[in-house]
Amino acid sequence: MSETLAYRRLVAAILVRAARDAQTDDPDLAAPARRWLARSGAAWAEMLDIPPERVTAWVGKQPALSYAQLALCE
């Protein structure tokens, strides 16, 4: 396996984990995962030729967080 392919797989695994965390009911995982995906995660997705706008749009389509979760985002 080439080194480039290994890095791409690692980046993909990190993004998948963050996306799963962003969808969980646990506010300790969902809020920080969404913040990361909307910022740094979008840039990481670009390494895989995924437009960053696509990632930020996906995060924006997630169900609104409850008040308790919103407090964690601040």
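The questions and answers below concern this predicted model.

Biologist: In what order do the elements of the protein run from the N terminus on?

Modeller: The protein has four helices and zero strands. Read from the N terminus on, the elements therefore give the order α-α-α-α.

Biologist: What percentage of the 74 residues in the protein is buried?

Modeller: A residue counts as buried when its relative accessible area is under 20%. Of the 74 residues in the protein, the share that counts as buried is 28%.

Biologist: Which element gives the largest share of the lining of the largest pocket?

Modeller: The largest pocket holds about 190 Å³ of space. Two or more residues of its lining come from each of helix 1 (3–22), helix 2 (27–46) and helix 3 (52–60). The largest share, four residues, comes from helix 1.

Biologist: How many charged residues does the lining of the largest pocket have?

Modeller: The residues that line the largest pocket include Leu-15, Leu-37, Ile-50, Arg-54 and Trp-58. Arg counts as charged, whereas Ala, Val, Leu, Ile and Trp count as nonpolar. By class, the lining has ten nonpolar residues, no polar residues and, among the charged, one.

Biologist: Are the planes of the rings of Trp-36 and Trp-44 stacked or edge-to-face?

Modeller: The count of aromatic pairs comes to one. Its rings, those of Trp-36 and Trp-44, have their centres 5.6 Å apart, and their planes stand at 70 degrees. Planes over 60 degrees apart count as edge-to-face. The pair of Trp-36 and Trp-44 is therefore edge-to-face.

Biologist: Which residues does Met-47 touch, not counting residues up to four places away in sequence?

Modeller: Met-47 is in the loop between helix 2 and helix 3, and its relative accessible area of 48% makes it partly exposed. The C-alpha atoms of Met-47 and Arg-8 are 7.6 Å apart, although 39 residues separate the two along the chain. Leaving aside residues up to four places away in sequence, Met-47 touches Arg-8 and Val-11.

Biologist: Against which element do the buried residues of helix 3 pack?

Modeller: The buried residues of helix 3 are Pro-52, Val-55 and Val-59. They cover an arc of only 65 degrees around the axis, so they are on the same side of helix 3. The face turned away from this buried side carries the exposed residues Glu-53, Arg-54 and Gly-60. The buried residues pack against helix 2.

Biologist: Is Asp-49 buried or exposed?

Modeller: Asp-49 is found in the loop between helix 2 and helix 3. Although Asp-49 is not a glycine, it has a positive phi of about 65 degrees. The limit for an exposed residue is over 50% relative accessible area. At 67% relative accessibility, Asp-49 therefore counts as exposed.

Definitions and conventions. Residues numbered from 1 in each chain as written. Predicted model: local features only at pLDDT ≥ 70, side-chain atom pairs only at ≥ 80, totals over all residues. Heavy atoms only, no water. 1 Å grid on protein atoms, 1.4 Å probe; cavity = no way out; pocket = protein on both sides within 12 Å on 5 of 7 lines; lining within 4 Å. Points joined across faces, edges and corners; volume = space filled by probe spheres on them. Phe/Tyr/Trp six-rings, centres within 6.5 Å; stacked < 30°, edge-to-face > 60°. Buried < 20%, exposed > 50% of the residue type's maximum accessible area, 1.4 Å probe, protein only. Contact = heavy atoms within 4.5 Å. Arc of directions from axis to C-beta.
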